[in-house]
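This report is for a reader who meets the structure here for the first time. Please look over the sequence and the model before reading on.

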2 protein chains.
Amino acid sequence: MNEFSIIDKYFNWNTDNSISVGIGDDCAVIDIDSDYQIVTSVDTLIEDVHFSSLDSPADIAYKSLSVNLSDIAAMGGIAKYFTLAISLPDINEKWLEGFANSLKIIANKYKIELVGGDTTKGQLSITINVTGVVERDKVLLRSNAKPGDLIFVSNTLGDAAYALKQKQNNQSAPSRCIDRLNKPEPRIELGRSLVGIANSCIDISDGLEQDLGHILDSSGVGAIIDIDSLPLSETLREYIDSTGDWCIALAGGDDYELCFSVDQSNKESLSLIQSQLNIELTQIGVVTQEVGLVINGFSGECSSYRHF
Amino acid sequence: MNEFSIIDKYFNWNTDNSISVGIGDDCAVIDIDSDYQIVTSVDTLIEDVHFSSLDSPADIAYKSLSVNLSDIAAMGGIAKYFTLAISLPDINEKWLEGFANSLKIIANKYKIELVGGDTTKGQLSITINVTGVVERDKVLLRSNAKPGDLIFVSNTLGDAAYALKQKQNNQSAPSRCIDRLNKPEPRIELGRSLVGIANSCIDISDGLEQDLGHILDSSGVGAIIDIDSLPLSETLREYIDSTGDWCIALAGGDDYELCFSVDQSNKESLSLIQSQLNIELTQIGVVTQEVGLVINGFSGECSSYRHF
């Protein structure tokens, strides 16, 4: 089985009309409506760094695409197309089938087309470059938070990090936490709803403290948040109550929730979004003129996730 | 030195006005003129597969971007932006500096902007996703070759494969051949000139025989080419005269020249392009209605490059 037959057999399922030419030429060809701007991002997931060799190919595929989609969500984008560069130590058809089927499921779920790729021989590694579109000049940036903005996060924090911690210690975790780790849900719908509402937005991949820090740095502002306001699942609340380990929620990583700031006048719009999308949106603090992040009720220091 | 400082120090040099937001947010934001379609492609280069650990970081960077630009060239595209996903076994600042400086040089030469990336820890591997634009419905496809079309290739074939062969045998090769291997020139200008002229086009990365085969398969046609008409450098002519090894030109790989077909009526336009761009364009055969590739004057069989 060579590169071309791998692609034909597993990765050739284009359907969207805006993809003029999909897999099979030197490049894919795509139409972009002129009322939109392109948003694009790339992420690599490597065995033993971002996932374990014991993880199922289905989970690896799901996570690889969803963490990229999360970047589109953070910009308020509509997912459009992606390319897949995959390195494999060898051709394992069962693995490939599990991977490709799962990739197709999440691609269909979020209406994004696979338009091209490259397969190479090497350490198992998956690089996805995802591209979306946002209405011109409406993109949600990190750099536009304003003093007085209310800071929100979606859903709960720390569940994925808790699942990972338990796994590393050979201990069990609730399936809800394991799903958060293996199959994070990119908040595409929420991002879309925040276009025109939020002043700034980021997806929380490396932990709230670090990622909110990126908003503050880019915007030249600061923030005060309350540790007690962080949205936690029952599991996490019990864990933190018994250990005092707030860092799992502040810096655990792998949340893939959105952290965003809105003008106070948009608080009601947010309530509406919350009920429409059936997603918890929790105010955790406010943006301040004075730079720096103050975390009321927390005096420790967390070591955030670093890529090296 | 963490991921963010690597990016800031080495990979943050955006300048193009059409890049609204470059490196530093969840996604880059790019404007696309509505008269154009997007063309996009991804290629991974891995240590010990596509390059040697002894190759200079400058050569690795040059080749990584140029092989991707070659795909844009094959579509007749204007290069626009790219993302870089790089895996590094460790942080070697001298290596990174050599890599980034060279990447910047070729990016500037071909007027393409680095808009985003990801750095991870792992086996040395470089994945570039390159995006360009082509006037709407003018893109050069593999699938549009017509019986009677004349088949051309640019420049000469086999020089890179010869350099690689010599290198693998610890023998010297002329610097011209070594440059063809390490610093292939993407034929962006030629591709642009062929828009409206060529019926089909591909870049020769895996060898003429295999890549012309892709044009023929996609177009549902065949071709007759003459082995004696293949454009060869002096070095290659001498090598083939003494060894009879035509496969180095037919299937050696790494040429990154364009192979394209034109209607006979466009022969004169090609002469003009040839003199304007100062590049040799050689007719090697014709497209036939009957499928299959006939190589007059050659009866052997070559093993083409396979990715696995």
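The model is a predicted one.

Contact between the chains involves 54 residues of chain B and 54 residues of chain A. On the side of chain B that touches chain A, at least two residues each come from several elements, including strand 1 (19-21), strand 2 (28-30), helix 2 and strand 8 (198-204) of chain B. Strand 3 of chain B gives the largest share of that side, nine residues. By class, the side of chain B that touches chain A holds 21 nonpolar, 22 polar and eleven charged residues. Of the interface residues of chain B, 100% are also interface residues in chain A, so the copies meet through the same surface.

An open sheet of six strands, with mixed pairing, has the order 1(A)-2(A)-3(B)-6(B)-4(B)-5(B). Its edges are strand 1 (19-21) of chain A and strand 5 (113-121) of chain B; each has a single partner strand, so one side of each is left without a neighbour in the sheet. On average, and with direction ignored, neighbouring strands of this sheet are turned by 20° against each other.

Strands of a sheet pair through backbone hydrogen bonds, either parallel or antiparallel. Strand 2 (residues 28-30) of chain A and strand 3 of chain B run antiparallel and are joined by three bridges. There, A:Ala28 has B:Thr40 as its bridge partner in strand 3 of chain B. Within chain B, strand 4 (residues 78-88) pairs with strand 5 in the parallel sense, and B:Phe82 has B:Leu114 of strand 5 as its bridge partner. Helix 2 (residues 57-74) of chain B lies across strand 3 (36-46), strand 4 and strand 6 (125-135) of chain B, and runs at about 35° to strand 6 of chain B.

| Strand pair | Sense | Bridges |
|---|---|---|
| Strand 2 of chain A and strand 3 of chain B | antiparallel | three bridges |
| Strand 4 and strand 5 of chain B | parallel | eight bridges |
| Strand 9 and strand 12 of chain A | parallel | five bridges |
| Strand 9 and strand 11 of chain A | antiparallel | four bridges |

**Two domains in chain A**

Chain A is divided into domain 1 (3-135) and domain 2 (150-296). Their C-alpha centres lie 26 Å apart. In the contact between them, domain 1 of chain A takes part with 20 residues and domain 2 of chain A with 18 residues. Helix 2 (57-74), strand 4 (78-88) and strand 6 (125-135) of chain A each supply at least two residues of the domain 1 side. Helix 2 of chain A provides the largest share of that side, eleven residues. The domain 1 side divides into eleven nonpolar, four polar and five charged residues.

**Strand 9 of chain A**

In a regular strand the side chains alternate between the two faces of the sheet. The covered face of strand 9 (residues 222-226) of chain A has A:Ala223 and A:Ile225, while A:Gly222, A:Ile224 and A:Asp226 make up the uncovered one. A:Gly222 has A:Gly292 as its bridge partner in strand 12 of chain A. A:Ile225 stands opposite A:Gly285 in strand 11 of chain A.

**Two places in chain B**

B:Phe152 belongs to strand 7 (residues 150-154) of chain B. This residue counts as buried because B:Phe152 has 24 C-beta neighbours inside 10 Å, and the cut-off for buried is 20 or more. Leaving out residues up to four places away in sequence, B:Phe152 touches several residues, among them B:Phe260, B:Val262 and B:Leu270. B:Phe152 and B:Leu270 are 118 residues apart along the chain, and their C-alpha atoms are separated by 9.7 Å.

Helix 4 (residues 159-168) of chain B has buried residues that include B:Asp159, B:Tyr162 and B:Leu164. Among the elements that cover the buried residues of this helix are helix 5 (175-182), helix 8 (234-243) and helix 9 (247-251) of chain B. Just after helix 4 of chain B, B:Asn170 has a positive phi of about 55°.

Note on methods: Residues numbered from 1 in each chain as written. Chains lettered and ligands numbered in written order. Predicted model: local features only at pLDDT ≥ 70, side-chain atom pairs only at ≥ 80, totals over all residues. Contact = placed C-beta atoms within 7 Å. Pairing = 2+ DSSP bridges. Axes fitted to C-alpha atoms, helices over the stretch in contact; angles between N-to-C directions. Domains from an automatic or database assignment. Nonpolar A, V, L, I, M, F, W, Y, C, P; charged D, E, K, R; others polar. Buried ≥ 20, exposed ≤ 12 C-beta atoms within 10 Å, placed from the backbone.
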